[in-house]
Amino acid sequence: DVRHARHLYTVLLDKSIDRNKFFQAMKARNIGINLHYIPIYRFSHYKQFNINPIDYPATEDVYNRTITLPMFSKMTVEDVKDVVEAVKESIAEVRK
């Protein structure tokens, strides 16, 4: 008895998949994906603290492999199928 907020649908890509190439492959298939949950030390305000991303390897790993798939309340079953198919095709195309 719960309802999803349909806010964000993030996925963690396998290490064998280059996120930037995957992003471009999805874009070429007209699927709008995005990047969210950027580590706070990457924002301009925090640059003044000279935080070195190398000190946070787990954060960097997750950040570099996470993408957000489309999700919205008016999404049809056909839309979902299109996204799933594009994900499958894009992974096959860009896997290292």
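Is arginine 42 buried, exposed or partly exposed, and what is its relative accessible area? Arginine 42 is partly exposed, with a relative accessible area of 33%. The legends below describe a predicted model, beginning with the whole chain and returning later to this residue.

**Figure 1. Overall view of the predicted protein chain.** The secondary structure consists of three helices and two strands. Along the sequence, these elements follow the pattern β-α-α-β-α. The C-alpha atoms occupy a box of roughly 45 × 40 × 25 Å along the principal axes. The radius of gyration of the chain is 16 Å, whereas a compact globule of 96 residues would have one near 12 Å. Of the 96 residues, 26% count as buried. The accessible surface comes to about 7200 Å², and carbon and sulfur atoms account for 53% of that surface. Among contacts with a separation of 6 or more, 77% are between residues 24 or more positions apart.

**Figure 2. Pairing of strands β1 and β2.** Strand β1, residues 9–12, pairs with β2 in the antiparallel sense, and the pairing includes four bridges. Tyrosine 9 has leucine 69 of β2 as its bridge partner. From β2, Thr66 and Thr68 point one way, while Ile67 and Leu69 point the other way. These four residues of β2 are all buried. In a regular strand, side chains alternate between the two faces of the sheet.

**Figure 3. Buried and exposed faces of helix α1.** The buried residues in α1 are Arg19, Phe22, Ala25 and Met26. They lie on the same side of α1 because they cover an arc of only 120 degrees around the axis. An α-helix has 3.6 residues a turn, so residues three or four places apart point the same way. The face of α1 turned away from the buried side carries the exposed residues Asn20, Lys21, Lys27 and Ala28. The cover over the buried residues of α1 includes α2, β2 and α3.

**Figure 4. The largest nonpolar core.** This core has 15 residues. Phe22, Met26, Ile33, Leu69 and Val87 are those with the most contacts inside the core. Helix α1 (19–28), strand β2 (66–69) and helix α3 each supply at least two of the core residues. The largest share, five residues, comes from α3. In soluble globular proteins, nonpolar side chains tend to be buried together.

**Figure 5. Surroundings of methionine 26.** Which residues does methionine 26 touch, not counting residues up to four places away in sequence? They are Ile31, Ile33, Leu69, Val83, Ala86, Val87 and Ser90. Methionine 26 is itself one of the buried residues of α1. It is also among the residues with the most contacts inside the largest nonpolar core.

**Figure 6. Serine 90 in helix α3.** Serine 90 is found in α3, which spans residues 77–94. Serine 90 counts as buried because its relative accessibility is 0%, and the buried class lies under 20%. With neighbours within four places in sequence left aside, serine 90 is in contact with Phe22, Ala25, Met26 and Arg29.

**Figure 7. Helix α2 and arginine 42.** In α2, the buried residues are Glu60, Tyr63 and Arg65. The buried residues of this helix pack against β1, α1 and β2. Arginine 42 has its place in the loop between α1 and α2. Not counting residues up to four places away in sequence, arginine 42 touches Lys47, Glu60 and Tyr63. Arginine 42 and valine 62 are 20 residues apart along the chain, and their C-alpha atoms are separated by 14 Å. Arginine 42 is classed as partly exposed because its relative accessible area of 33% falls between the limits of 20% and 50%.

**Figure 8. Asparagine 30 and asparagine 50, two residues with positive phi.** Most residues other than glycine have a negative phi. Asparagine 30 has a positive phi of about 65 degrees, although it is not a glycine. Asparagine 50, likewise not a glycine, has a positive phi of about 50 degrees. Asparagine 30 is placed in the loop between α1 and α2, and asparagine 50 also has its place in the loop between α1 and α2. Asparagine 30 is exposed, with a relative accessible area of 70%. Asparagine 50 counts as exposed at 68% relative accessibility.

Terms used: Residues numbered from 1 in each chain as written. Predicted model: local features only at pLDDT ≥ 70, side-chain atom pairs only at ≥ 80, totals over all residues. Heavy atoms only, no water. Buried < 20%, exposed > 50% of the residue type's maximum accessible area, 1.4 Å probe, protein only. Contact = heavy atoms within 4.5 Å. Core = buried A, V, L, I, M, F, W, Y, C linked by side-chain atoms within 4.5 Å. Pairing = 2+ DSSP bridges. Rg over C-alpha atoms; globule rule 2.2 N^0.38 Å. Areas by Shrake-Rupley, 256 points an atom, 1.4 Å probe, with all protein chains shown as cover. Arc of directions from axis to C-beta.
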